[in-house]
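Subject: Structure handover

Dear colleague,

Here is the structure you were to receive, with its sequence. Please open it alongside this email.

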Amino acid sequence: MEKLLETKENWLLSPSGSQWELREMDSLACYEELQIRLKNTTPFTLTLDVRFVANSGQDLRISFDTLPETEVTVPIALSYLDSQQLFPPRTDGRLRMMVNGLPIEKAAVKSLVISSRPCHEKRRIEKISVSLSEQITKGVIHDPQCLIDHLGQWSKKAWTGKVFDKGALKEQLTQRVEKMPDNQEITYQTGFFHLEKRAGRWFLLDPNGQDFCSVGMDCVGPSMECNIEPIKALVPPEDQKHARIDYVKRNLKETFGATWYENWQKLIAGYLKEWGVNTIGAWSDLSFVHDQHFPYVVVLSSLGNSGYPDTDVKIFRDFPDVFAPTYERRAKEYAKAIVPLVDDSFFIGYFMRNEPQWAFEYEIDLATELLKMTENSYTKQALIHSLEKKYENIKDFCAAWYLSGDSIKDVIEHTHTTEHLSLVAIQDLQDFSREMIRQYVKVPAQAIRALDSNHLNLGMRYAYLANEAMAAGCDYFDVFSINCYQEDPTDKIEQVAQITGKPVMIGEFHFGGLDKGLTATGIKGCQTQKERAQAFDHYLAKANEHPNFIGAHYFALYDQPCLGRFDGENYQFGFLDVCSQPYQEMIENRQLSATNLLEIHQKGRSNVRKAALIPSIYC
C-alpha cells in the first residue's frame with residue numbers, strides 16, 4: 001500500500017539551491033520506504049538531499065543523484081535511518097546514494113526537507129511527488145531512452161574532440177601509440193624511499209637519495225566498469241544482455257585486437273611522462289607498474305583476499321570489535337599481502353586502507369555507539385576494564401557518572417544511552433573512543449611492520465579529520481594521509497600537521513568540467529577543461545608551499561562511466577575519456593611539473609593564480 005504525501009509541478013530550482021519542507025505527515029513507523037518520483041529536465045546530473053528531522057531536532061540526510069532527461073522513482077528504504085550503510089546499493093535509474101548523520105528512529109521523524117544544491121545556473125524539475133510505501137521496491141525508470149552511444153559516450157551532447165565511430169577511434173589511438181617514445185627506465189641502485197626533515201620542512205627522498213615530489217595518478221589501469229543492471233533500459237539494445245560492461249577496455253580491444261594491453265601500456269606510459277606524473281597511485285594495474293618501472297603506492301586492503309581486518313560484530317558501520325582475538329588474527333592474514341613487495345625499491349609505501357565509513361560522521365563518538373549496543377563484545381569488555389582501572393570502587397564510579405549499580409560491569413552492560421550522564425562520563429567515553437581508534441590502527445600496523453620494515457606506512461587515507469580523536473594511532477604511521485577535495489588544501493594539511501606533526505600525503509583530489517563528456521563534475525567543479533588545468537596547478541602549488549606536504553595523487557586517470565560505476569558515481573574528472581582520448585585543453589594549459597613543484601616546496605612559496613570554480617555536481 002502506498003500513500004501520496006505531496007506533489008509539485010515545475011519545481012524551479014534557484015542557483016543558490018531550493019528547499020521544500022513536508023510537515024503534515026503520518027508517522028513513518030508503519031512504512032518501509034519513502035518514494036520520490038521526479039523528472040530531471042536539466043542537462044546535468046541532479047542531486048537532491050532528503051533530510052529526516054526528529055522531534056528532538058536531530059536530523060539525518062540521505063542524498064542521491066539522478067541522470068538528466070530521465071524520469072525515475074527513487075526508493076529510500078527507511079531502514080537506512082539506522083545510518084549503518086554509508087552508500088546504499090543502487091536501485092533502477094538512480095546513481096549514487098549517501099547517508100549522513102547518526103542513527104534516528106523512524107517513529108521519531110516529524111518532517112522531511114527536500115532540497116537541491118547550488119548550481120551555476122537555474123534548473124527545473126518538471127514534476128516531483130513524494131509517497132510512503134509499506135513495501136520495499138527496486139525503483140522504476142519511466143519511459144526510458146538510450147543515453148549512451150556504442151562507445152560508451154554520453155549521446156545527448158557533442159563536443160570538440162568527441163569520437164563518433166570505431167574507425168576514427170582506431171586511427172587516432174594507433175597514431176598516438178606510434179608517436180610515443182620507447183620506455184626509458186628509471187634505475188635505483190640500492191635502498192628505498194624514505195623521509196627526511198630539513199630546516200623544518202619534510203621531504204620524501206627516492207632510493208638514490210634525491211628529493212622527490214610525489215605527483216601521482218590513481219586508478220592507472222585499462223578499465224572503468226559500468227554496472228548495467230540498474231540502468232539496463234538506458235544503454236544500446238545490444239548491450240542490455242550484459243550485467244556489466246567495461247567500455248574503456250572494450251574500445252581498446254576493438255582498436256588493437258590481441259595486442260591491446262601492450263599498446264595501452266605504451267600509450268599510458270607516454271602520457272604520464274608527458275604530463276609530469278611520477279607516481280602510480282592507488283588501485284592501479286601492478287603489471288603496468290612493474291613493466292614500466294614507475295614509483296608506486298598501494299592500498300594494502302585491496303591486495304590479497306582478506307581486505308582490511310574485520311569482525312562479525314560491528315560497533316558502528318564498518319568499525320570492528322577491535323579488541324577481539326579475531327581482529328588480531330585477521331590482521332595477520334591481511335598483512336601477508338605486503339610480502340611480494342618487500343624488496344621492491346620502486347614501491348614507496350602502503351596506505352593501510354581507504355576512507356573508513358565510520359569516520360565520515362563529524363559527531364561520531366565510537367564509545368557512545370558501543371554503549372548503545374545490547375550485544376556484548378570484546379571492546380565493551382575493554383571499556384569496562386579501563387573504567388575499573390580508573391575508578392577504585394563502584395561508589396566513585398556511580399558518583400562520577402550519575403548512575404547507580406552494584407558493579408561497573410553491571411552498570412555498563414545495562415546502560416545504552418548517554419542521556420543524563422555527567423560531563424565526566426562523556427569525557428571518559430571520548431577518551432576510550434581514542435583508545436578504540438588507536439587499537440584499530442595499531443594491531444594491523446604492527447602486523448605489517450613485522451613483515452616489512454623497508455617501506456613507508458602512509459596511513460588510512462581518511463576522507464577528512466572529522467575530529468582530533470581520528471588521529472589516534474598516528475604514531476604507527478610514517479605519513480598521515482587524507483583525501484582532500486578542496487580548491488586549496490592548505491588548511492587541511494595544516495590541521496593534520498598541528499595534530500600529528502607528521503608529513504602529509506594527499507591520496508585523492510580532482511576537478512571536473514561540464515563542457516565535455518559527462519553530466520557531473522565530481523567533488524570540485526569547473527566550467528571548462530582549461531579551468532580544470534588552472535585548478536590542478538593551483539592546488540599542487542599551494543600544497544607544496546606547506547612544510548609538511550610530500551605528495552598528492554589525482555583521482556583518477558579515466559572518467560567514470562556515463563551511467564555510473566558500481567556505486568553510481570559518474571564524474572567527469574579524468575585526464576582521459578572512455579575512448580582513451582586526453583582532454584587536450586586541460587593538458588595544454590597545465591604549467592607545473594614535478595620539478596617546478598619541488599622548487600616551490602623547497603622555497604615555500606608560489607604565485608599560481610586561482611581557477612574559476614563552479615558549484616560541484618556530485619553526491
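Below is what was found in it, by topic. Please keep in mind that the model is predicted.

Cores

The largest nonpolar core has 205 residues. Leu34, Phe52 and Leu563 are the residues with the most contacts inside this core. Helix α10, residues 423–449, gives the most to the core, with 11 residues. There is also a second, separate core of five residues, and Leu86, Met98, Phe360 and Ala463 are among them.

Helix α11

Helix α11 covers residues 490–500, and within it Ile493, Val496, Ala497 and Thr500 are buried. Seen down the axis of α11, the buried residues fall within an arc of 100°, so they line one face of the helix.

What do the buried residues of α11 pack against? Their partners are the strands β22 (480–483), β23 (504–508) and β25 (549–554), together with helix α12 (529–545). Just after α11 comes Gly501, which takes a positive phi of about 75°.

Rolling a probe the size of a water molecule over the atoms shows where empty space is left. In this model the count comes to three cavities of 30 Å³ or more.

The largest cavity has a volume of about 160 Å³. It is lined by 19 residues, and the closest to its centre are Gly152, Leu518, Gln560, Cys562 and Val578. By class, the lining of the largest cavity divides into 13 nonpolar, four polar and two charged residues.

The second largest cavity has a volume of about 60 Å³. Residues from several stretches of the sequence line this cavity: Thr45, Leu46 and Thr47, then Arg117, Pro118, Cys119 and Arg123, and then Ser616, Ile617 and Tyr618. Five residues of this lining are nonpolar, three are polar and two are charged.

Glu24 is in the loop between β2 (19–22) and β3 (33–40). Is Glu24 buried or exposed? Glu24 is exposed, with a relative accessible area of 77%. Glu24 and Ser111 are 87 residues apart in sequence, and their C-alpha atoms are 7.4 Å apart in space.

Leu370 is found in helix α6, residues 366–372. With a relative accessibility of 0%, Leu370 counts as buried. Leaving aside neighbours within four places in sequence, the residues in contact with Leu370 are Ile315, Ser377, Thr379, Lys380, Leu383, Phe432 and Met436. Leu370 and Tyr261 are 109 residues apart along the chain, and 49 Å separates their C-alpha atoms.

Backbone points to check

Most residues other than glycine have a negative phi, and most peptide bonds are trans. The following places depart from that pattern.

- Asp143 has a phi near 45°, a positive value in a residue other than glycine. Asp143 is found in the loop between β10 (140–142) and α1 (166–179), and Asp143 is exposed, with a relative accessible area of 71%.
- Arg461 has a phi near 55°, again a positive value in a residue other than glycine. Arg461 lies in the loop between β21 (456–457) and β22, and at 0% relative accessibility Arg461 counts as buried.
- Phe555 and Ala556 are joined by a cis peptide bond, with omega about 15°. Ala556 lies in the loop between β25 and α13 (584–588).

Regards

Definitions and conventions. Residues are numbered from 1 along each chain as its sequence is written. This is a predicted model: local features need pLDDT of at least 70, side-chain atom pairs count only at pLDDT 80 or more; totals for chains, interfaces and linings use all residues. Side-chain values use heavy atoms; hydrogens and water are left out. Buried means under 20% relative accessible area, exposed over 50%, partly exposed in between (1.4 Å probe, protein chains only). Helices (H or I, at least four residues) and strands (E, at least two) are DSSP runs, numbered from the N terminus. The arc is that of the directions from the helix axis to the C-beta atoms. Contact means heavy atoms within 4.5 Å. A nonpolar core is a set of buried Ala, Val, Leu, Ile, Met, Phe, Trp, Tyr and Cys residues joined through side-chain atoms within 4.5 Å. On a 1 Å grid over the protein atoms alone, a cavity is a set of points where a 1.4 Å probe fits but cannot get out, and a pocket is an open set with protein on both sides within 12 Å along at least five of seven lines; lining residues have an atom within 4 Å of a point. Grid points are joined across faces, edges and corners, and a volume is the space filled by probe spheres set on the points. Ala, Val, Leu, Ile, Met, Phe, Trp, Tyr, Cys and Pro count as nonpolar, Asp, Glu, Lys and Arg as charged, and the others, Gly among them, as polar.
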